[in-house]
Structures are given as C-alpha cells and as structure tokens.
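Thanks for making the time this morning. I would like to walk you through one model, going from the overall layout to the ligand and then to one of the helices.

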Amino acid sequence: MQIVLKDFTKSFDGLTVIDKLNLTINDGEMLALLGPSGCGKSTTLLAISGILRVNGGQILFGDKDVSNLPSQKRNVGVVFQNYALYPHMTAFENIAFPLQVRKTGAAEIEERVREMARLTHIEPYLDRRPGQLSGGQQQRVALARALVRRPDVLLLDEPLANLDAKLRLEMRSEIRRIQLETGITAILVTHDQVEAMSMADRIAIMDHGRIQQIAAPEDMYHRPSNTFVAGFLGNPPIVFLEGKAIGNGAFESASGMRMPLPERLTGLAADQPIVMGVRPEHFGVKGRHTVRGTVSFIEPQGRETHFDLTVAEGEVLRSIQAARTDISLGSEVEWPLDVDKALVFDSEGNRL
Ligand SMILES: Nc1ncnc2c1ncn2[C@@H]1O[C@H](COP(=O)(O)OP(=O)(O)OP(=O)(O)O)[C@@H](O)[C@H]1O
Ligand SMILES: [Mg+2]
C-alpha cells in the first residue's frame, strides 16, 4: 500500500512542529524516518497511525484520504519500543487480542496466531507470559501482534531501543526479514543511523520538522545533500573544515591549512567560502595529498583503529585504518588524504 503525506502539518498548543511535510512511501518498501531527538519522527508516525490528528494537509493510503479516519479504521500495525504487551496474557493471547476485538472465529484465530508465530520464530513460547520472555522474544510477540490483522502498513517506532547491543543486531535483520517475507509497506522511526542504513530501502532524514533528504542509504552516505546529512551519517563522523577556495584548484582552511580541491571542483572561484568534509575512511589509507601531523587520539576497535591527527595549523582530522600497533600517541606521521573523495559544501551547507 502506497502512503502519501501531502503538506502534512502538525502543531501542539499553537506551536507548529511540522509544517507542510511531503513524503511518499512506496508500496512494499521499508522507509526509515531518521533524525535527532525532537525532530518530529514520532509525531509523523503517530499521525500516519491515526493516534494523532493532523492540523493541515492530507494522509493518503493508496487513493484513499484517511486524514479524518480514527486509528481503528486505518488498518495499521504499530510496534513501539516498550512493546506494550499485556503482562497478564500469554504470548498467544497477546497476538490473538486484535482478532478477538474484531470477533474473529476461534479456529481462524488459532490458525492466524500460529502463522504469525511461525513467521516471527516464537512458536515454542506461545504459552509464556511477557515476564517469562527475553526482550527480543517480547519484541517478536509485539511484531506478531502488529501483523496478525494483516495491516496495510507496519509502523515501527524505535523498536530496537530497549534491546542490548547483540539482540539489537539480531532483531535488525529479523525485522527486515519479516518485512520482506510479508511484503508489507513499513515505516521505521529511528535516531540510529546504522539501523536506518542497514534496514531500510530508503531513508528520509529529518531535522526540526523538515525532511532534509530522501535517498537510498548508500546514495545518502556518498551524496548527502547538505552538511546536516553528511554529519549525521557515518561513525566516526565526517570532519568539516571551514575555509575558502584560493584559486588554482586549492582550498585553505580558516586556520591556513592548504589542500587541493577534488578534481571535479578545481574551477571554484578564488575566495568563495566553502566547507570541506573529510570522512575518516578517506584519510590515512591512500590519496594524492599528504598531510603531516601529530597523532593526538587513538581508539583501538579490534579489527580497526580510529585516530585523530592534529596538524600544525591546529585542525584535527580523523582517520580510520585497519588495526595497527606501530603508532602511539604523539607519533609524528605523514598520511595520504584522498582529496577527490572529499565532500565540498557552500557557505549555506549545500553540497557542491
Ligand atoms: N503531545 C505533545 N505536546 C506538546 N509537544 C509535543 C507533543 N508531542 C511532541 N511534541 C513536540 O514535538 C516535537 C517533535 O516530537 P517527536 O516526539 O515527534 O520527536 P522525535 O523525533 O520522535 O524525538 P525522539 O527521538 O526523542 O523520540 C518536539 O519538539 C516535542 O517536544
Ligand atoms: Mg520519538
């Protein structure tokens, strides 16, 4: 089911938090709504679910305007981070609940609950109450309950936030598998870029109630439309160097550090203020420019190591390299910088 938000507007107590947001979620896709705390992700999701009413604009499910339909009439499945399972009911009863409310026959309930339990891999636990299940198992029950009515759209608000790191990893691929197996249109709200990158077909990244960019994960990472998007994706994050073009295809940072511009931007006019963005994977491995400096931070990560390099002018560049032990804090090094991979932005923050 295709979902369309047209000029969706939402305010609380006269304060507009989302102003004319436009967004299309394609039939069968998983779209991640990504952004920092307070940017309006949950508000958008709650409006799609019908729990919150819109103050302006429209929400369409297929051709149908559902803006004024109550939640029960929208046929959506919702999963929140706290699962919200009924503690006194078994997993079976929890999953069956939405069908019981609809007065579905006992035989059909039995069949549909078993089908969902198979899909979410919780068949052995159907007789247990939530208190007797692990966080991951509870989340599977919540998913089964959300899907049992065969909703048109699955809405997930930070579904992995309560799980420990290992379970989060496992449930990431599980939720994606279940979404692909059912072919359901899904919206995943998250502030975790890794979750969005690894689970979604496309990401819509929001800031202050506005969508900054909508793109496939790889696209967004390599071609961010502005500094906000570039800074939000990537860990350790990109380093921004403010400065200006100085002619002859070169850049000079505010503190005087010089480097070539990427090949395709050598024509930038001298004195044009710009921001160079250098991702850590493009510094310290290969490249046509050499940067000399002092290693000022080392963070071993097992398979790889993160470094900070402080240059004479005072700028700090970040580098990520395969694990190496030949370098210690304070080492003087000369590392290659792949300037052609650098992202360049204008003074407004838009990528050039
Ligand atoms: N019921 C409400 N009454 C008043 N303001 C609200 C209400 N719900 C949300 N807001 C405000 O709307 C803005 C968006 O909130 P929202 O919950 O959508 O953010 P979010 O992106 O989901 O953040 P988080 O990642 O912290 O969950 C915030 O400024 C918030 O304070
Ligand atoms: Mg939220």
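Predicted model: local features only at pLDDT ≥ 70, side-chain atom pairs only at ≥ 80, totals over all residues.

In terms of secondary structure, the protein has eight helices and 19 strands, and of its 352 residues 36% count as buried. If we take the contacts between residues at least 6 apart in sequence, 64% of them join residues at least 24 apart.

Let me turn to the ligand. Which residues surround ligand 1? They are Phe 12, Val 17, Gly 35, Ser 37, Gly 38, Cys 39, Gly 40, Lys 41, Ser 42, Thr 43 and His 191. By class, this shell divides into three nonpolar residues, seven polar and one charged, and its largest share, three residues, comes from helix H1, which runs over residues 41-49.

Finally, helix H2, residues 91-101, has as its buried residues Ala 91, Phe 92, Asn 94, Ile 95 and Ala 96. Against what do these buried residues of H2 pack? Their partners are helix H3, at 106-120, and helix H4, at 135-147. After H2 comes Lys 103, and for anyone checking backbone geometry, the phi of Lys 103 is positive, near 60°.

Note on methods. Residues numbered from 1 in each chain as written. Chains lettered and ligands numbered in written order. Near = placed C-beta within 6 Å. Helix = DSSP H or I, 4+ residues; strand = E, 2+ residues; numbered from the N terminus. Nonpolar A, V, L, I, M, F, W, Y, C, P; charged D, E, K, R; others polar. Buried ≥ 20, exposed ≤ 12 C-beta atoms within 10 Å, placed from the backbone. Contact = placed C-beta atoms within 7 Å.
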